[in-house]
Amino acid sequence: MIGKLKKMSNKDTRTLVLSFVCLGAFVVAFLLLTLIYHFCNITSDYNHRHVLDKHFTVRHNQTTYTDVDLSEFTLEAIVKRGDTISFSTTLPNTNIRSPYLYIYTIHSTVDVYVGPHLIYTYGAERYKQDLMLGYGPHAIPLPYDYAGQKLTVKMQVLTSDSFTDFKVPYIISGVNLFRMQAMTAILPLFSDVTLIIMGLLLGFFSIVFSFSIPELRRIAYLSGFAMGMGFWTLCANDTIWLFTPSSVLRAYIEYPSLYVSPLLFLLYVKETMLRDKTKGFRRFYVGLLYAHVIFIVIAGILHFTGIRQFPEVLGYYHVLLVFSIAVILYDILHSIVNGSVQYKFMTAGICILIFTAVFDLAHFNLQKYNAAFFSWTYQNHIAVALVLFVFLTILDFFLMMRRNIYAASYTEALEKIAYTDVLTGLPNRRRAEDALDEVDAKDYRYMIISIDLNYLKKTNDNLGHDKGDQLISDFASILKQVYGEGSFMARMGGDEFMVILSDLQTYDPPALQDKTDRLVAEYNEASPDLVISYASGTAVRGECDMTASRDYLKLADIRMYENKMAMKATRSV
């Protein structure tokens, strides 16, 4: 990853940091806005409703219960598929404008009668076709003359083990119904929507920055997990009712989101789960991933073939979830014991998430199967823990990015010291050796140019080493102008230079030689006291039977010295 980070520009880094800052700012702003809206808009009128809990007659299959307080009533056994349930009472005069009856059903059909008249029905056709009914509230407008008439609610259960008690119905003004629901659900709504928006933003970041850092594609798993859990909590907290009254749509959002999200989380932590673990643990973890995939596929097949609906396999999913939690806990304990916790904030977030998930999982099953624990007012707490976990994971990722960027800069500086000639800024002999190895590993024709700067010793002796260094530096600048970035240039030491032209189809060596001579002549004309003179020799791969690049470098050196001798002979004449 460091190699990819080094390729990021300062602009990329600043954009990434700014994106995370904007994400944090958005979350804070959203929280403040929702709290302000909550405290500025809620009034006592929103809470004006008439609860219907006394003097009910309840019938479960063939068993009848009279004068029931619905808020304290519990069925003797958890409902099963095909059970028929009804409860009835006399509607009071509430003096509520635009009255609506608010009732709550779970995986059941519902028919509502006021007197002898059917005023609302839901789910009968879907029940006949064995299609999922979902669960949630129903807001039913009451007739103007409802007072004193008998209210009867009839239900037929589609999914076994759905409930043992009833949520108490009430009458509320249609004017205030939506407002009351919004105000009572404002904090759960905040956490639910924040998770979804976090997931969307993380997905956007992973797509945009994955081109600079492919490793960021892993963030897509975290994005999917955040969005999936956000949609699930939106349904589980009943806040989705603010967006759609459809219980069926709610169910088709809730269960797939719940079943898929943990798999995405396990894929996100795959790197840490497999690092420094035993072969047996790695196999168990991979097997757990396959188990999640198999469960999702089988649950989908069973549901869409009508054999078992999504809610009916929830118990099996809970078993799989327990194994997943156990594996994650083992990984955390293993890392703590070995002192190898790499992502401390994310680990803290996972611990909070696991504790909350275990608590909610236990509470859910206790209230479902044991009436003593049943509580209709209970809402899961995992949404807040999920927001905290995602935030801590983002924080950890940002800190990791910062550490890696600093490490990349430090590594780059060390490499520059180790492989760069300080005087000219060109690669040094050590880097040149690596370049020779690289061209040996490739199959193309290349040219090696060996260059030797004349009169360096004479310049040092007569004008001083400062002028000698300037001569070397100025000549290196000319080479950079001539050969550009597409070639490899290096100072081999002292007055020796080497150039590798890796693609002879792109370069015109004679033209490059002419350009070098022209720039040297212009330099000498402008600086007659510091004259550049050089000798060069070339060798092209394939011109003889040699295969190693170092053999061609030796050949280029021989030709360079021959050129130097010819130049001396010319001066002597």
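## The largest cavity

Let's start inside the protein: Arg-218, Tyr-268, Val-269, Thr-272, Tyr-343, Met-346, Thr-393, Asp-396 and Phe-397 line the largest cavity. Keep in mind that this is a predicted model. The volume of this cavity is about 60 Å³, and a search of the whole structure turns up 7 cavities of 30 Å³ or more.

Which helix gives the largest share of the lining of the largest cavity? That is helix H12, spanning residues 382-419, which supplies 3 residues.

## How H7 and H10 pack

Now for a pair of helices. Two packed helices are described by the angle between their axes and the distance between the axes. For helix H7 (residues 247-268) and helix H10 (residues 314-337), the axes come within 11 Å and cross at roughly 15°. Angles under 35 degrees count as roughly parallel, so H7 and H10 are roughly parallel to each other. The crossing in which H7 passes H10 is left-handed.

## Residues where H7 meets H10

On the H7 side, the contact is made by Leu-258, Tyr-259, Pro-262, Phe-265 and Leu-266. Their partners in H10 are Leu-314, Tyr-317, Leu-321, Ser-324 and Ile-328. How do the residues of this contact divide into nonpolar, polar and charged? The contact of H7 with H10 has 9 nonpolar residues, 1 polar residue and no charged ones.

Key
Residues are numbered from 1 along each chain as its sequence is written. This is a predicted model: local features need pLDDT of at least 70, side-chain atom pairs count only at pLDDT 80 or more; totals for chains, interfaces and linings use all residues. Side-chain values use heavy atoms; hydrogens and water are left out. Axes are lines fitted to C-alpha atoms, for helices over the stretch in contact, and angles run from 0 to 180 degrees between N-to-C directions. Helices (H or I, at least four residues) and strands (E, at least two) are DSSP runs, numbered from the N terminus. Angles under 35 degrees count as roughly parallel, over 145 as roughly antiparallel, 65 to 115 as roughly perpendicular and the rest as oblique. A crossing is left-handed if the near helix is turned anticlockwise from the far one by less than a right angle, and right-handed if clockwise. Contact means heavy atoms within 4.5 Å. Ala, Val, Leu, Ile, Met, Phe, Trp, Tyr, Cys and Pro count as nonpolar, Asp, Glu, Lys and Arg as charged, and the others, Gly among them, as polar. On a 1 Å grid over the protein atoms alone, a cavity is a set of points where a 1.4 Å probe fits but cannot get out, and a pocket is an open set with protein on both sides within 12 Å along at least five of seven lines; lining residues have an atom within 4 Å of a point. Grid points are joined across faces, edges and corners, and a volume is the space filled by probe spheres set on the points.
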